[in-house]
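Dear colleague,

I am handing over the structure below, and after it you will find my notes. Please read them alongside the coordinates.

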Amino acid sequence: MKRFASLFLGVCCLGLMSFLAYKKQPITVYLIGDSTMSIKETKAYPETGWGMPFKYFFDSSVTVENHAKNGRSTRTFIEEGLWQPVASSMKAGDYLFIQFGHNDEVPTKKSYTPEAAYRANLERFITEARKKNVTPILITPAARRKFDAAGNMEETHAVYSGIVRTVAQQQKVALVDLDRKSQALLQKLGPEASKLLFVHLQPQEHPNYPQGKVDDTHFNELGAREMAQLVLAELRAQKVDLLERLVKPQVKQ
């Protein structure tokens with residue numbers, strides 16, 4: 001009888017261990033970056049950061065915390081104390097998505113970050129993430145919508161996207177090349193159809209912008225979804241383990 005009881009207990013323990021191994025441990029995906037990624041206030045709609053729809057790709061074991069802020073560069077994100085709460089909260093198994101450049105690269109902006117400092121800040125994010133066994137993922141800045149007279153996309157982030165690629169290679173970090181992928185998408189759509197992804201509004205078309213708006217940097221809802229899909233496709237290409245936590249479609253019986 002004792003032998004049977006011991007055997008039964010052993011089987012139960014093995015079953016419990018298998019269940020715990022199967023059950024995914026909760027993780028957090030932290031997003032840090034600028035306005036093309038950030039959560040928008042209601043008064044800004046239909047402007048939408050791609051980080052907003054991105055969170056819906058994942059199952060309940062993943063929490064996406066979007067810390068991206070409008071107008072921030074790597075430098076101002078650190079100087080304004082926006083990075084420290086993320087650095088303090090990250091834990092082993094989490095992910096850190098890093099996408100800056102729009103505000104770093106413009107010398108006339110207060111957020112301007114020289115090339116060497118931009119590189120150093122990216123490396124700092126990576127180093128601090130790895131110290132906590134967090135997986136960093138670098139993302140080049142999303143392309144601005146800019147076509148030449150012949151209808152060809154023009155490069156708008158050549159230098160700073162190049163720095164991101166170099167850092168990713170040197171640090172052996174997964175790279176989502178959103179710049180090149182979004183350029184290819186916009187080129188495919190062409191000068192007119194590509195407007196459908198950005199905040200292009202006629203006067204009185206939306207109450208938030210009674211005078212209308214032409215913005216070739218920030219996305220509307222459709223554009224944000226398209227950018228999020230590009231990021232997801234690049235994660236698949238990189239075979240990132242995070243994809244094991246994608247939402248599984250329910251099969252109807």
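Strand β4 (residues 135-139) and β5 pair in the parallel sense over 3 bridges, where two strands count as paired if DSSP finds at least two bridges between them, and where helices (H or I, at least four residues) and strands (E, at least two) are DSSP runs numbered from the N terminus. Within this pair, Leu138 stands opposite Leu175 in β5.

This is a predicted model, in which local features need pLDDT of at least 70 and side-chain atom pairs count only at pLDDT 80 or more, while totals for chains, interfaces and linings use all residues. Residues are numbered from 1 along each chain as its sequence is written, and side-chain values use heavy atoms, with hydrogens and water left out.

The open sheet consists of 5 strands in the order β2-β1-β3-β4-β5, with parallel pairing. Its edge strands, each pairing on one side only, are β2 (62-66) and β5 (174-176). On average, neighbouring strands of this sheet are turned by 20 degrees against each other, direction ignored; axes are lines fitted to C-alpha atoms, for helices over the stretch in contact, and angles run from 0 to 180 degrees between N-to-C directions.

Helix α8 (residues 221-238) packs on the sheet and touches β3 (95-99), β4 and β5, its direction making about 150 degrees with that of β5; contact means heavy atoms within 4.5 Å.

As for the whole protein chain, it has 8 helices and 7 strands, and its C-alpha atoms fill a box of roughly 85 × 50 × 35 Å, taken along the principal axes.

Best regards
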